[in-house]
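Colleague: Please take me through this model one feature at a time, giving the general idea before the particular case.

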Amino acid sequence: MGGSECLFCDILNNKKSAQRILETDDFIVIENKYPKAPIHLLVVDKTHREKSDTMAGAYQNESYWDKLFQAVHEAVVKLNLDKMGYKVVINESKYYHYGHEHVHVVGGGLGEVDSGEIRL
Ligand SMILES: [Zn+2]
Ligand SMILES: [Zn+2]
């Protein structure tokens with residue numbers, strides 16, 4: 001999947017709209033259009049990198065996950081999720097809907113977030 005077939009690439013190229021929360025050198029943080037919790041963010045790689053590659057460590061020399069979690073942290077602090085409680089969810093293999101690497105940050109409603117069975 002790449003180019004116009006990828007929702008996240010379309011968002012990055014402004015072909016599709018998204019509410020942007022913040023941006024770092026390598027990631028953007030946007031609101032999930034279909035939230036599963038009161039606050040549901042997506043931390044999206046600005047480059048189309050496939051999850052199978054990132055999880056396999058293809059970018060470990062670039063401190064890939066350090067940078068990703070720095071973006072998570074910035075979003076958490078910006079929205080005061082550190083005071084409310086939040087979850088970081090990474091869907092892999094059969095759980096993921098888009099190969100373009102991204103993680104979910106959900107919070108603001110423990111009942112829903114803790115239900116465990118929801119597919120993010
Ligand atoms: Zn993409
Ligand atoms: Zn996802």
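Colleague: In which sense do strand 4 and strand 5 pair, and over how many bridges?

Modeller: Two strands pair if DSSP finds at least two bridges between them, strands being DSSP runs of E with at least two residues and helices runs of H or I with at least four, both numbered from the N terminus. Here strand 4 (residues 86–89) pairs with strand 5 in the antiparallel sense over four bridges, and Tyr 86 stands opposite Gly 107 of strand 5. This is a predicted model, in which local features need pLDDT of at least 70 and side-chain atom pairs count only at pLDDT 80 or more, while totals for chains, interfaces and linings use all residues. Residues are numbered from 1 along each chain as its sequence is written, and chains are lettered from A and ligands numbered from 1 in the order in which they are written.

Colleague: What stands opposite Ile 39 in strand 5?

Modeller: Ile 39 stands opposite Gly 107, as part of the antiparallel pairing of strand 3 (residues 39–45) with strand 5, which runs over six bridges. Strand 3 also pairs with strand 2 in the antiparallel sense, over five bridges, and there Leu 41 is the bridge partner of Glu 31.

Colleague: Is strand 3 mostly covered or mostly open?

Modeller: Burial is a neighbour count: a residue is buried if 20 or more other C-beta atoms, placed from the backbone, lie within 10 Å of its own, exposed if 12 or fewer, and partly exposed in between. By that count seven of the seven residues of strand 3 are buried; Ile 39, Leu 41, Val 43 and Asp 45 point one way, and His 40, Leu 42 and Val 44 point the other. Strand 5 is mostly covered too, with five of its six residues buried, whereas across the protein buried residues make up 26% of the 120 residues.

Colleague: Where does the "active site" feature fall?

Modeller: The unreviewed UniProt entry places it at His 104 (positions follow the numbering used here, feature names are shortened, and annotations may be inferred rather than shown by experiment). His 104 lies in strand 5 (residues 102–107), and His 104 counts as partly exposed because it has 19 C-beta neighbours inside 10 Å.

Colleague: Which residues have the most contacts inside the largest nonpolar core?

Modeller: Such a core is a set of buried Ala, Val, Leu, Ile, Met, Phe, Trp, Tyr and Cys residues joined through C-beta atoms within 7 Å. The largest one here has 22 residues, and Val 29, Leu 41, Val 43, Val 72, Ala 75 and Val 105 have the most contacts inside it. Two or more of its residues come from each of helix 1 (7–12), strand 2 (27–31), strand 3, helix 3 (64–78) and strand 5. Leaving aside neighbours within four places in sequence, the contacts of Leu 41 (C-beta atoms, placed from the backbone, within 7 Å) include Val 29, Ala 75 and Val 105.

Colleague: Why do the buried residues of helix 3 line one face?

Modeller: The buried residues are Leu 68, Ala 71, Val 72, Ala 75 and Val 76. Seen down the axis, the buried residues of helix 3 fall within an arc of 140 degrees (taken over the directions from the helix axis to the C-beta atoms), so they line one face. The face turned away from that buried side carries the exposed residues Asp 66 and Val 77, and among the elements covering the buried residues are strand 1 (20–23) and helix 4 (81–84). Just after helix 3, Asn 80 takes a positive phi of about 60 degrees.

Key:
Two residues are in contact if their C-beta atoms, placed from the backbone, lie within 7 Å.
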